[in-house]
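Keep the structure open beside the text and follow along.

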Amino acid sequence: MARNPFPVEVLTPEGNVFDGEVEMLSTRTGEGSLGVLANHAPLLAILEPTELRLHREGGEVETFAQAEGYLQVVDNSALVLVEEAHRPDDLDRSDLESRLDEARNSLEGSEEGSEERRGYERDVKRYEAFLEVADG
Amino acid sequence: MASSSSLSERIDSVKNVKQITRAMEMVAAARLRRAEQRIEALRPYADALRRMTRRAVEGAQSLPDIPLLEEHDSIDRVGLLLVTGDRGLAGAFNSQIIRAGERRARELRGEGLEPRWYVIGAKGAASLGFRGYELDGTYSGFTDRPAYANAREVGQHIVSTYTEENVDRAEMFYNGYISPMSQIVRHETLLPLQQADFLGGDDDEEEDGDESDEGGEGTGGKGGEEGPDHSRALWIYEPEPGEILRQLAPDYVEISIYRAMLESTASEHGARMTAMRSASDNADEMIDDLTMQANRERQAAITQEIMEVVSGAEATTG
């Protein structure tokens, strides 16, 4: 069934990685998976690292390995704000594995409740999610 | 004769120097263009983060406790974050930041406050270390092309020193990028986050001050005069707007540092380009002077020889 397309923009601090019309956007919040269709109610959400899927018209799906960030839907358009977003083909499995190891080690050595620890927890979650996308 | 050959040696060596400075100028120009593009690329992200913050503030019934927004009861220590570069040969780029930081440190000491140092860039760290300052944080190896992750590392450190009350305020000094020819030293307060900046945005003139008083009545009489944002109730927040704000606050610090790093990088390449251009121009001038001098000496030598030949001939015929 054809759905109405709506504009989606994916922004990172390094620039725009996607700007186009999609029929459905799917990502993940702290509550679980989230799918957004056209005419969604206004929404502001914190996103968890995951595979971002953008279903384009004609059944094509564009995917990104997406870091944590924010999603805002307003006036029938969606804005995804994330620290990093990579095409699955650009992911380097061994690089991600070594980063994950490094983050896990740092996490163990870090002080309970510190800002550093939260940072490493964030890294671990991010690289785990990226690895899942890489294994796709 | 000896002096003319030493002159040509000097000309050669100045020419070599000029080749190097020209090459450095061209490298700096290419890097400057890339750095400018990255400043442009960040803008939409930073603007969107600002808009989302404003949205979360509107959604929050009352402001949550966000440590980064709260002023400490007593101000004793002030963190100074200096953004310098890893390399020199860029005119006053590094030294003007160090000077500004030292001036501020003197002011703070005059007010009975203790400055704590946090330095981005190997040049700044080396030069402050040399002057005997104790540095609480040094970050280097990336100033040619800073990544967001670098800003995050610095941001996390500054945020945790603030929340753990090791500093009671954090200020940042960096070279603001105006044009390839001009950079100015910018001095910004990082923490506590300025309520007006973080929550209000630039140009919106919202009456934040009265909101808490009116809030009680406002929630009672929903659908009343809520201003332009009558759709407040329809927004979905995941999680609560207060939680979203709590996560946005450190991101806001990171973005501010990242923007400063990018501007500093563009400024550094601009300053190096300008410094190398004037070095090349000086070399040109020097080459002209030396060549002129060499020509004059060569001419004098030739004249001398002719005179000898002529006077010799005259002596034999006469």
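**From the sheet to the interface**

Strand E2 (residues 114-120) of chain B pairs with E3(B) through 4 bridges, and the two run parallel. Within this pairing, Val119(B) faces Thr138(B) in E3(B). Bear in mind that the model is predicted.

These two strands belong to an open sheet of 5 strands in chain B. Its order is E3-E2-E1-E4-E5, and the pairing is mixed. Strand E3 (135-139) and strand E5 (182-191) of chain B form the edges, each pairing on one side only. From one strand to the next, the twist averages 20 degrees. In general, strands of a sheet pair through backbone hydrogen bonds, in a parallel or antiparallel sense.

Helix H7 (residues 241-317) of chain B lies across strand E1 (77-83), E2, strand E4 (169-179) and E5 of chain B. Relative to E4(B), H7(B) runs at about 40 degrees.

Next, find Val159(B), placed in helix H4 (residues 148-163) of chain B. Is Val159(B) buried or exposed? Val159(B) counts as buried because it has 23 C-beta neighbours inside 10 Å, and the cut-off for buried is 20 or more. Beyond its neighbours within four places in sequence, Val159(B) touches Leu68(B), Pro250(B) and Val253(B), along with Glu115(A) from the other chain. Ala275(B) is another matter: 116 residues separate it from Val159(B) in sequence, and the C-alpha to C-alpha distance is 36 Å.

Finally, look at chain A by itself. It is divided into domain 1 (6-86) and domain 2 (92-135). Their C-alpha centres lie 23 Å apart. Where the two domains of chain A touch, domain 1 contributes 6 residues and domain 2 contributes 6 residues. The domain 1 side has 3 nonpolar, 1 polar and 2 charged residues.

Terms used: Residues are numbered from 1 along each chain as its sequence is written. Chains are lettered from A and ligands numbered from 1 in the order in which they are written. This is a predicted model: local features need pLDDT of at least 70, side-chain atom pairs count only at pLDDT 80 or more; totals for chains, interfaces and linings use all residues. Domain bounds come from an automatic or database domain assignment. Two residues are in contact if their C-beta atoms, placed from the backbone, lie within 7 Å. Ala, Val, Leu, Ile, Met, Phe, Trp, Tyr, Cys and Pro count as nonpolar, Asp, Glu, Lys and Arg as charged, and the others, Gly among them, as polar. A residue is buried if 20 or more other C-beta atoms lie within 10 Å of its own, exposed if 12 or fewer, and partly exposed in between; C-beta atoms are placed from the backbone. Two strands pair if DSSP finds at least two bridges between them. Axes are lines fitted to C-alpha atoms, for helices over the stretch in contact, and angles run from 0 to 180 degrees between N-to-C directions.
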